[in-house]
Amino acid sequence: MSETHFMLPAGWHHGPGRQKLTPGASVKSASKRGAECISSKLACSGSTLHTLRTTLSASGLTERARRLALALAVCGLVGACASSPSNISRIPVQTGQETSKEGLFTQPVKWEHTKPGCKGDCPTLKVDSVVFPGNPKLSDLVDNALAYMTGIGNSNVPPYSNIAEYEQYFWKTAAPRDSTLLAARTRYRNRTLTVIELDTWQYMTGMTHGISATQFLNWDNQSTKVLSLNDVLRPGKRQDYIAALKAAHARWLSANPEIIGDINVFVRQWPFQESNNFGFIDQGLVIKYDSYQIAPYSAGQPELIIPYADLSGILKSEFLPS
């Protein structure tokens, strides 16, 4: 099975009955353990969602980590046995190629619901997503992944597998002012690649502010699978990728003096973190972080861009501009 990446917002700690926010906490080890748990115990030939849930229940991860591990493991399982991409460049030389002319056709799905029968302060659920007509496999994947990226409740694994089931669970468990936003959009599209950004935002009654989580799905239109970082990197080039990401992080620091202030103090408080949460865009790879991962909440969700020029010899040739 190819590598599967699990993202969760730094600072989410499991508390009795609710998720509680502790700003600045590290999630690196939890994500790593989640990846090891999935890759070592599941084989694509016989894996089922039930097996996946059981494995994660015994993994020792926090509830939030398990939920997001499930979401992205679903993505990995979709393409675990698919064939590798052909050795033809997937990235056009020209920019501005992320258009629906060559990419998969999409339709928006937008709605906002309030708990039925509720008056006064009521829980709300908002969806701002996309579906792919003619591609139910990808449409279902987006729906499943967004549902699993939620973090409401205190069970070890979510008792729902899609947004419709999550909605019914949410009405049963949400406090009066709880709110959830589930969003998906295409960040990049061409003839062979479709890059989808998944975002969740959740506010739970009593929180100072809501908390967000994000995840990219790099969908291979030809082999109908989600591409992991291992699928696009040349063998043995992981450390070179990390070095390029560190350079992008340094550029981000230099470009945001109003956020950074004293750079030495900032870097001690918010050190660089590795990440597999990548997406293809015209300029190169974009790596997006959740709040509290490499910067305070006020910085939002930082995006680091690694230009294709810095990825020569690191990315496989078919993922560099022709």
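Mentor: Happy to! Helix α7 (residues 238-255) lies across β10 and β11, and its direction makes an angle of about 120 degrees with β11. Here helices are DSSP runs of H or I with at least four residues, strands are E runs of at least two, and both are numbered from the N terminus. Contact means heavy atoms within 4.5 Å. Axes are lines fitted to C-alpha atoms, for helices over the stretch in contact, with angles running from 0 to 180 degrees between N-to-C directions.

Before we go further, keep in mind that this is a predicted model: local features need pLDDT of at least 70, side-chain atom pairs count only at pLDDT 80 or more, and totals for chains, interfaces and linings use all residues. Residues are numbered from 1 along each chain as its sequence is written, and side-chain values use heavy atoms, with hydrogens and water left out.

Now the sheet itself. β10 and β11 belong to an open sheet of three strands, ordered β9-β10-β11 with antiparallel pairing. At its edges are β9 (278-280) and β11 (303-307), each of which pairs on one side only. From one strand to the next, the twist averages 25 degrees. Two strands count as paired if DSSP finds at least two bridges between them; β10 (residues 284-288) and β11 are joined by five, running antiparallel. To find one of them on screen, go to K288, whose bridge partner in β11 is E303.

Next, the aromatic side chains. The structure holds nine aromatic pairs. One of them is W252 with F266, a tilted pair at 6.5 Å centre to centre and 45 degrees between the planes. Rings of Phe, Tyr and Trp (its six-membered ring) pair if their centres lie within 6.5 Å, and planes under 30 degrees apart are stacked, over 60 edge-to-face, and the rest tilted. Because W252 sits in helix α7 and F266 in helix α9 (residues 263-269), this pair ties together parts that are 14 residues apart in sequence. W252 counts as buried because its relative accessibility is 10%, and F266 is buried too, at 5%. Buried means under 20% relative accessible area, exposed over 50%, and partly exposed in between (1.4 Å probe, protein chains only).

For another aromatic site, look at Y160, Y166, Y169, F170 and W171, which ring pairs link into a cluster. Within this group, Y160 and Y169 are buried.
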